[in-house]
Amino acid sequence: MKRSATFCQAILFLATIFLNSMWAYASVSYCKPMDPTKYRPHSVTITEFGAVGDGVTLNTKAFENAIFYLNSFADKGGAELFVPAGKWLTGSFNLINHLTLSLDKDAVIIGSMDSNRWPVIDPLPSYGRGQELPGGRHKALIFGSNLTDVIITGANGTIDGQGAVWWERFKNHTLDYTRPHLVELMHSTEIVISNLTFVNSPFWAIHPVYSSQVLVKNVTILAPLDSPNTDAIDPDSSTNVCIEDCYISTGDDIIVIKSGWDEYGISFARPSSNISIRHVTGQSGSGAGIAIGSEMSGGVSEVHAENLHFTNSLHGIRVKTSAGRGGYVRNLHISDVTMNNVSIAIRIAGQYGEHPDDKYDQNSLPVISKITIKDVVGYNIGTAGMLQGIQGDNFSNICLSNVSFGSVRSNPPWKCSNIEGYSNMVTPELCNALNQVPSQSTDCYDDDILEQQPHRSCASRSRSHFLKLSSIQ
């Protein structure tokens with residue numbers, strides 16, 4: 001009898017190690033190695049083109065002339081534009097292929113407060129109009145299109161958008177066009193943004209759109225917690241994007257993945273996929289730590305996020321969409337998350353967001369499936385979760401494992417409707433949970449984590465069964 005008990009304990013120990021190893025999803029990076037210190041054989045300093053770093057002199061022409069000159073070296077190994085210590089006021093300027101824009105640690109590129117220095121350009125085709133207003137949009141402070149091999153880096157120099165004037169115009173409804181980003185790169189590849197501080201963006205700070213092989217690493221992004229729509233990093237209809245080792249404190253979403261708006265995003269059909277996010281810490285005033293949507297009509301898939309730390313935010317993890325969006329969100333794996341002082345820890349919403357116009361198809365429903373959220377700990381949480389799909393369009397295979405929020409302030413702690421999925425070791429207990437395991441190992445995104453056989457044994461007792469959410473209303 002003793003031998004049998006010892007044998008079962010040994011099997012239990014080995015099974016626990018095995019199961020834990022299956023749950024421990026390996027770090028995923030979709031970006032090929034890209035070096036922000038890449039050698040460029042040709043280099044100039046912005047002062048060689050008449051720039052004055054006094055914070056008053058407008059240097060747009062100096063940036064334009066320097067980059068025009070460096071363009072002659074694009075096919076000769078590329079070039080570097082160095083910005084030394086100083087305060088360099090400028091309007092929008094364009095980058096070129098095979099360029100490194102490098103800032104000294106005491107260099108500050110400052111965006112002009114004169115909106116005329118931010119030209120108006122066409123709306124994105126996947127949006128059909130400006131995100132805020134019909135018509136065009138102001139060009140980003142640092143802009144590029146159809147580029148290859150671009151590096152924006154420094155010794156933690158600063159790019160300051162002086163966004164307060166734009167935020168005030170937004171609040172007063174006096175904008176003529178959609179506000180600009182700090183950095184926007186379109187239709188581009190092999191992009192590195194690293195070792196910089198971005199402050200006070202007028203709108204979203206970093207916006208790679210229709211791009212691939214994008215690395216954002218070791219950046220700090222700051223804006224007041226009450227600044228409107230100041231998302232930090234917004235991969236949009238882009239693939240192979242890696243975001244790593246960042247600290248962000250801003251007014252809206254810390255990281256949000258998008259892919260176009262309603263009928264325009266559906267027609268443009270450019271998804272966001274293969275996105276890796278890890279080692280990100282931050283706080284968000286009215287947004288989320290990590291979000292998908294709400295503009296996701298081109299589809300979002302293959303997103304792996306891990307080692308995330310969020311405080312003082314409205315939401316922790318959020319998926320937002322609505323009827324009329326179309327598209328899909330699938331194959332998300334979010335793990336190793338800590339939250340503190342977050343109002344709603346996990347929110348998946350099917351009734352969110354406006355529409356660009358009245359031409360969208362109300363019957364174009366999004367497909368939301370295979371979202372795995374695991375190894376999450378929260379403190380001082382208002383509501384554990386709001387998991388609310390669309391009537392007639394259940395969100396499926398939503399899988400939560402090892403999620404603990406202790407005691408939360410709201411009662412009930414979870415609100416669920418039109419949702420199907422599974423849970424394992426979730427506290428407080430999820431709504432209407434049933435003792436039931438998935439029917440097959442591919443039900444959740446991370447297809448090695450589920451037991452193939454539901455029968456009990458000394459090995460299967462090492463963890464709780466998955467609990468199927470029967471909260472379809």
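The protein chain here has four helices and 28 strands. Helices (H or I, at least four residues) and strands (E, at least two) are DSSP runs, numbered from the N terminus. Keep in mind that this is a predicted model: local features need pLDDT of at least 70, side-chain atom pairs count only at pLDDT 80 or more, and totals for chains, interfaces and linings use all residues. Residues are numbered from 1 along each chain as its sequence is written, and side-chain values use heavy atoms, with hydrogens and water left out.

Okay, the overall numbers. Of the 473 residues in the protein chain, 58% come out as buried. Buried means under 20% relative accessible area, exposed is over 50%, and partly exposed is in between (1.4 Å probe, protein chains only). The accessible surface of the protein chain is about 18,400 Å², and carbon and sulfur atoms hold 51% of that. Those areas come from the Shrake-Rupley method with a 1.4 Å probe, and for residues, only the protein chains shown count as cover. Then contacts, meaning heavy atoms within 4.5 Å. If you take contacts in the protein chain with a separation of 6 or more, 78% are between residues 24 or more positions apart.

Two strands pair if DSSP finds at least two bridges between them. Strand E13, residues 183-186, runs parallel to E15 and is joined to it by four bridges. If you want one to click on, Glu-184 has His-207 in E15 as its bridge partner.

On to charges. Side chains of opposite charge can pair when their charged atoms come close. I'm calling it a salt bridge when a side-chain nitrogen of Lys or Arg is within 4 Å of a carboxyl oxygen of Asp or Glu. By that rule, we get 17 salt bridges.

Take Asp-149 and Arg-40, whose side chains meet at 2.8 Å, N to O. Asp-149 is in strand E11 (residues 148-154), while Arg-40 is in the loop between helix H1 (2-23) and strand E1 (42-45), so this pair ties together parts 109 residues apart in sequence. Both Asp-149 and Arg-40 are buried.

Which residues does Glu-244 pair with? One is Lys-217, in a salt bridge of 3.1 Å, N to O. Glu-244 sits in strand E17 (residues 239-250) and Lys-217 in strand E16 (residues 212-222), so they tie together parts 27 residues apart in sequence. Glu-244 is buried at 9% relative accessibility, whereas Lys-217 is partly exposed at 26%.

Glu-244 also forms a salt bridge with Arg-278, with the closest N and O atoms 3.2 Å apart. That links strand E17 to strand E19 (residues 272-284), 34 residues apart. Arg-278 is buried too, at 17%. Through shared partners, salt bridges join Lys-217, Glu-244, Asp-245 and Arg-278 into one network.

Last stop, Ser-369, in strand E23 (residues 367-388). Buried or exposed? Ser-369 is buried, with a relative accessible area of 14%. Leaving aside neighbours within four places in sequence, Ser-369 contacts Val-329, Arg-330, Asn-331, Ser-396 and Asn-397.
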